[in-house]
Amino acid sequence: MELDPQNALSAIQAGIRQASALIVTYSFSVLGAVLLLVIGFVVAGLVERWIYAGLGQVSGFDLTLRRFFSKIARYVVLGLVVVMVLGQFGIQTASVIAAIGAVGLAIGLALQGTLQNIAAGIMLLALRPLRIGEYVEVGSITGTVEEIGLFATRLRAADGIYVLAPNSTLWTQPVKNFTRNGVRRNDITITVPNADNIDGIQKSLLGLAERDVRVRKEPAPTAFVAELGDSTMDITLRYWTSVSDFLSAKVELNKSVRNILNGSAK
């Protein structure tokens, strides 16, 4: 079958016209998409900086949370830009959003534990039951807080051991913060025979506490009979110190009380 040159020329011309139309149509779409991407990246950067700076004006707002929320805002803007770019090429954005939602749900289910740690990290940073430099006890975890991240919190135990605790563990248990209030109370209890000079022992214990400059005047130290037995009784010396003086005062006063019991106190 011979090819008619006239028909072939017409087909080629029709193809060129269609290609030209497609090129013109998609050129505008590509140009619009590029402009949207450029503007979107600029706007996303501006939004990130505005939120970061704005949260910085909030007194006591944690630096980690500032970074987290500003980054989230940036990615939200960029996500909207991507959806708009796809719309430039005739893609149904509703289906794209639905697909993104389905993917997000699947990722959320797969990373459920990780997301719990992130949520707990945000709550720890927002409500501040513990801060960097504070000595805390949460369940079986004890130590000085060194860093609070979005996923886990790093602590240094009293014996220098490195501790990394998931935030969800710290958030779901009661926090005992030994540093937060600035002062700590200590009780030193001794057992003496009932026949001993109770008034003299109480006076000696109070004298030890009152002479120690680390012991606070308010609340004032006290010495009292804590428990009475058949042949012995427990006498307690109760005093308050600052957190920084707690350990040294405890060690020194324990030694001095032992000297009283041994009859060697001057």
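Here is a friendly walk through this structure, from the whole chain to a few single residues.

The model is predicted, so local features need pLDDT of at least 70 and side-chain atom pairs count only at pLDDT 80 or more, while totals for chains, interfaces and linings use all residues. Residues are numbered from 1 along each chain as its sequence is written, and side-chain values use heavy atoms, with hydrogens and water left out.

Let us begin with the whole chain. It has 7 helices and 8 strands; these are DSSP runs numbered from the N terminus, with helices (H or I) of at least four residues and strands (E) of at least two. Of the 266 residues in the chain, 28% are buried (buried means under 20% relative accessible area, exposed over 50%, and partly exposed in between, with a 1.4 Å probe and protein chains only). Among contacts between residues at least 6 apart in sequence, 61% join residues at least 24 apart (a contact means heavy atoms within 4.5 Å).

Next, look at a pair of helices. Two packed helices are described by the angle between their axes and the distance between the axes. Helix 6 (residues 198-211) packs with helix 7 (residues 246-262) at an angle of about 150°, and their axes are 11 Å apart. Here axes are lines fitted to C-alpha atoms, for helices over the stretch in contact, and angles run from 0 to 180 degrees between N-to-C directions. Which residues of helix 6 and helix 7 meet? Ser204, Leu205 and Leu208 in helix 6 meet Leu253, Ser256, Val257 and Ile260 in helix 7. The residues of this contact divide into 5 nonpolar, 2 polar and no charged.

Now move to strand 8 (residues 232-242), where you will find threonine 236. With a relative accessible area of 4%, threonine 236 is buried. Not counting residues up to four places away in sequence, threonine 236 touches several residues, including Asp187, Ile188 and Ala226. Phenylalanine 224 is 12 residues from threonine 236 in sequence, and their C-alpha atoms are 5.5 Å apart in space.

Methionine 84, in helix 2 (residues 63-88), is partly exposed, with a relative accessible area of 46%. The C-alpha atoms of methionine 84 and glycine 40 are separated by 9.8 Å, and the two residues are 44 residues apart along the chain.

Finally, visit two loops. In the loop between helix 4 (112-127) and strand 1 (135-138) sits arginine 128, which has a positive phi of about 55° although it is not a glycine. Proline 219 lies in the loop between helix 6 and strand 7 (222-228), and a cis peptide bond with omega of about -10° joins glutamate 218 to proline 219.

Conventions: Ala, Val, Leu, Ile, Met, Phe, Trp, Tyr, Cys and Pro count as nonpolar, Asp, Glu, Lys and Arg as charged, and the others, Gly among them, as polar.
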